[in-house]
Amino acid sequence: MAGRFAPRPARAPYPTAPVRSAPAPEGLRRRWTPPDGAYDLGLTLGPLRRGPGDPTFRVEPGGAVRRASRTPAGPGALRLVARGGGVDAEAWGPGAEWLLEHLPELLGASDEPDAFVPRHRLLVGALRRRPGLRLCRTGLVLESLIPSVLEQKVTTVEAYRAWRLLVRAHGEPAPGPPLASGEPLHVMPDARTWALIPSWEWHRAGVDAKRSSTVLRAVRVAERLEEAAAMEPEQAAARLELIPGIGPWTSAEVIQRSNGAPDAVTVGDLHLPGIVGHALADDRHADDAAMLDLLTPYAGQRHRATRLILLSGRVPARRAPRMPVRDIARL
């Protein structure tokens, strides 16, 4: 049959419509304006970020903050932009309404910065340079408790890595548009999913049995622990410390964020007493007792005082190498 019929002319390709990216989903919106004074969005929300690679928290190049949370109503995501003396918020997902309802507390509306009276020249200078600091209040306990447990007695590099690996592997993509880089934010796993993570996954993330067991004990009573966000800080700390493996260090780290507690001091920390002692009394060898004594004039605002000390940049010079980063997955 070869050569019997003349070859058919090639057909011109059908015109194709230009590929258009799907429009970003519209979220719910709200604007919040601080009642008075300066306001710094980055300083206020900074403690909620667990390292530069935190999959639940991102700062966009223009300064907008993206954050994903697991609320009582379900997963939700926020985009916050400071402009015109206020903060514009857009929220997505089943938890969007809950996030916007609690937006003022998250941004520090219940904080009382005027209650702090600096009595040391270092704190006077730090407050003058950082007038926009507010203490946030998330109203969510578990999202601060689990990463705080992961930070127990390890380097921050190890803890941030564990949080990043576990949330990416067992969490879920956050609602809303993706980041400019194309990757999604992630919502941390719910309590049941945390409880079902197999032991070897904790091991691969570098989390030892003591810390993973503490997380498992906490998520079994997650609802009771979430009630602590509405309690007074002392009662909230007592509720958290009923869980074996959660002590004063961990409870303070949690209620500083979940309850916005201005007086919650992190005791039992490896570095903080020396930093406070060095800043206020030129004593880099201060222990917890000495730190609390130096912070006595700031009773009721001791957490704010330590935040300002850390923001001042006055920390003692290192005298030893950093602790080595362990990789228990290779043991």
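This report describes a pocket and one arginine in a predicted model.

## The second largest pocket

The second largest pocket of the model has a volume of about 450 Å³, and its lining is made up of 21 residues. Those that lie nearest the centre of this pocket are Arg70, Thr71, Pro72, Leu140 and Glu226. By residue class, the lining divides into nine nonpolar and five polar residues, together with seven charged ones.

Two elements of secondary structure, strand E3 (65-71) and helix H10 (222-226), each supply at least two residues of the lining of the second largest pocket. Helix H10 accounts for the largest share of this lining, with three residues.

Arg161 belongs to helix H6, which spans residues 156-170. Its relative accessibility is 31%, and Arg161 therefore counts as partly exposed, given that this class lies between the cut-offs of 20% for buried and 50% for exposed.

When residues up to four places away in sequence are not counted, Arg161 touches Arg204, Ala205 and Gly206. With Ala205 there is also a polar approach, in which a polar atom of the Arg161 side chain lies 3.4 Å from the backbone oxygen of Ala205. A further relationship across the sequence involves Arg50, which is 111 residues from Arg161 along the chain, while the C-alpha atoms of Arg50 and Arg161 are 9.3 Å apart in space.

Notes
Residues numbered from 1 in each chain as written. Predicted model: local features only at pLDDT ≥ 70, side-chain atom pairs only at ≥ 80, totals over all residues. Heavy atoms only, no water. 1 Å grid on protein atoms, 1.4 Å probe; cavity = no way out; pocket = protein on both sides within 12 Å on 5 of 7 lines; lining within 4 Å. Points joined across faces, edges and corners; volume = space filled by probe spheres on them. Helix = DSSP H or I, 4+ residues; strand = E, 2+ residues; numbered from the N terminus. Nonpolar A, V, L, I, M, F, W, Y, C, P; charged D, E, K, R; others polar. Buried < 20%, exposed > 50% of the residue type's maximum accessible area, 1.4 Å probe, protein only. Contact = heavy atoms within 4.5 Å. Polar contact = N/O pair within 3.5 Å; in protein donor to acceptor, adjacent residues only side chain to side chain.
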